[in-house]
Amino acid sequence: MTGARPLVVAADETVLDEILRVAAVAGCELDRAPDLTAASTHWARAPLVLLDEDAARMSPALPRRGGIFLVCKGSPGPSTWEHAFRVGVERVISLPDEETELAGAFADVVETPAEQPGLVLGVVGGRGGGGASVFASALAIVADRGPGGALLVDCDPLGGGLDVLLSLENTPGNRWPEVNLSGRASVSLLAASLPRLRHRGGSLPVLACAPEGEGPKVESLSAILSAARRSGRTVVCDLPRTLGEVAEEVLLRADLVLLVVPLEFRACLAAKQVLKRLTQLTTRLGVVTCGRSHEKTARSAALLGPPVMASMPPERGLGKAVEKGEFPARSKGPLTTAATKVLRAAHNEAQAATR
């Protein structure tokens, strides 16, 4: 958050309570003043000024500035617009109808948009049990070591839970049923509420499905993807092979979708079927192969269509470590090397697209 806080001048207790509630949800601290005369010392430096109708009506002659919102309960009347014009209000916010817009303004104060937008990456398995969740986790860990950090999101309600894969099932924190967002959200506030996987270089927030299988709602997922992109944080989404509306939301917004394919002939055939559906929704696709390479299966993977962005030979002890609940968040090895290569390519492509 920036050093200065939004300034609130509101005598109407109902309006004030609503402003404070929305600010609390966004994780935004406020400065309060009984009237604009008392608030004059904060007037110029506050990133946002919120007035109720009484404050706007009684306002003294303060310097004109941007970022003044007039907040009212219900639809604004003619007198409300008159006061707004006189004070130089940038926007009139009517509660509760425009609560999302107010939350968005607070989110912008809490999280100044990053110079480099965050990436959205999707990971899909070419076949069941093909290692997509493991690769998604490794990709998120590598991304979390970067300056913007990362968020790992479980989008597969039938996948058994990423928190179980990462041995976080007993770690306190919110899962999808406790996350209900819409419009503009604060990704840092969300991340603070989630269980975290500690690794060399930081701790990765993980948003997992519930043990009963309840997964994300499209509105909440959309709000998270937007907030993370704005804040410069990379979001890695572990997607199901059966693509519903949640997976479609990720596919339509992702910078890159990775199809993880074991180097087995049947796996390549299965991946081809998954790919048919993926290509209906996005062209931003890449393949990551895993396992021992044989000429025939490697050729089959190459013929899938999307470029092979990385190949992972078997990693010693990976299967046993996952079975024992000890996810190998190593700084070296085939898994990390492949994730690093893919992430670097995704960043380069995103930067090239903005030039």
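Colleague: Which helix gives the most to the lining of the second largest pocket?

Modeller: That's H1, with four residues. Keep in mind that we're looking at a predicted model. H1 covers 13–26, and helix H5 (99–110) and helix H8 (187–192) also supply at least two residues each to this lining.

Colleague: What makes a residue part of that lining?

Modeller: A lining residue has an atom within 4 Å of a point of the pocket. The second largest pocket holds about 370 Å³ of space. It is lined by 19 residues, and the closest to its centre are Val25, Asn180, Leu181, Arg184 and Ala185.

Colleague: How many of the lining residues fall into each class?

Modeller: For the second largest pocket, nine are nonpolar, six polar and four charged.

Colleague: Now the sheets. What is the order of the five strands in the open sheet?

Modeller: E2-E1-E3-E4-E5, with parallel pairing.

Colleague: Why is one side of strand E2 and of strand E5 left without a neighbour?

Modeller: Strand E2 (31–33) and strand E5 (91–95) each have a single partner strand, so they stand at the edges of the sheet. On average, neighbouring strands here are turned by 25° against each other, ignoring direction.

Colleague: How do you know that E1 and E3 count as a pair?

Modeller: Pairing takes at least two bridges between two strands. Strand E1 (residues 7–9) and strand E3 (residues 49–51) are joined by three, so they pass. One of the links puts valine 9 with its bridge partner in E3, leucine 51. H5 packs on this sheet too, touching E3, strand E4 (68–73) and E5, and its direction makes about 125° with that of E5.

Colleague: What about the sheet of eight strands: what is its order?

Modeller: This open sheet goes E8-E9-E7-E10-E6-E11-E12-E13, and its pairing is mixed. Strand E8 (196–199) and strand E13 (308–312) are its edge strands, each pairing on one side only. Strand E7 (residues 150–154) runs parallel to E10, with five bridges between them. Leucine 151 has valine 235 as its bridge partner in E10.

Colleague: Which helix lies across E6, E11 and E12?

Modeller: Helix H11 (residues 265–278), which runs at about 160° to E11.

Colleague: Why is proline 177 called partly exposed?

Modeller: Its relative accessibility is 31%. Buried would need under 20% and exposed over 50%, so proline 177 lands in between. This proline is in the loop between H7 and H8. Leaving aside residues up to four places away in sequence, proline 177 touches Ala210 and Glu214.

Colleague: Where is serine 167, and what is its relative accessibility?

Modeller: Serine 167 is in the loop between H7 and H8. At 32% it falls between the 20% and 50% limits, so serine 167 counts as partly exposed. Serine 167 also has a positive phi, about 60°, although it is not a glycine.

Colleague: Which peptide bond is cis?

Modeller: The one from leucine 95 to proline 96, with omega near 10°. Proline 96 has its place in the loop between E5 and H5.

Colleague: And for the whole chain, what share of the residues counts as buried?

Modeller: It's 51% of the 355 residues. The chain comes to 14 helices and 13 strands.

Methods
Residues numbered from 1 in each chain as written. Predicted model: local features only at pLDDT ≥ 70, side-chain atom pairs only at ≥ 80, totals over all residues. Heavy atoms only, no water. 1 Å grid on protein atoms, 1.4 Å probe; cavity = no way out; pocket = protein on both sides within 12 Å on 5 of 7 lines; lining within 4 Å. Points joined across faces, edges and corners; volume = space filled by probe spheres on them. Nonpolar A, V, L, I, M, F, W, Y, C, P; charged D, E, K, R; others polar. Axes fitted to C-alpha atoms, helices over the stretch in contact; angles between N-to-C directions. Contact = heavy atoms within 4.5 Å. Buried < 20%, exposed > 50% of the residue type's maximum accessible area, 1.4 Å probe, protein only.
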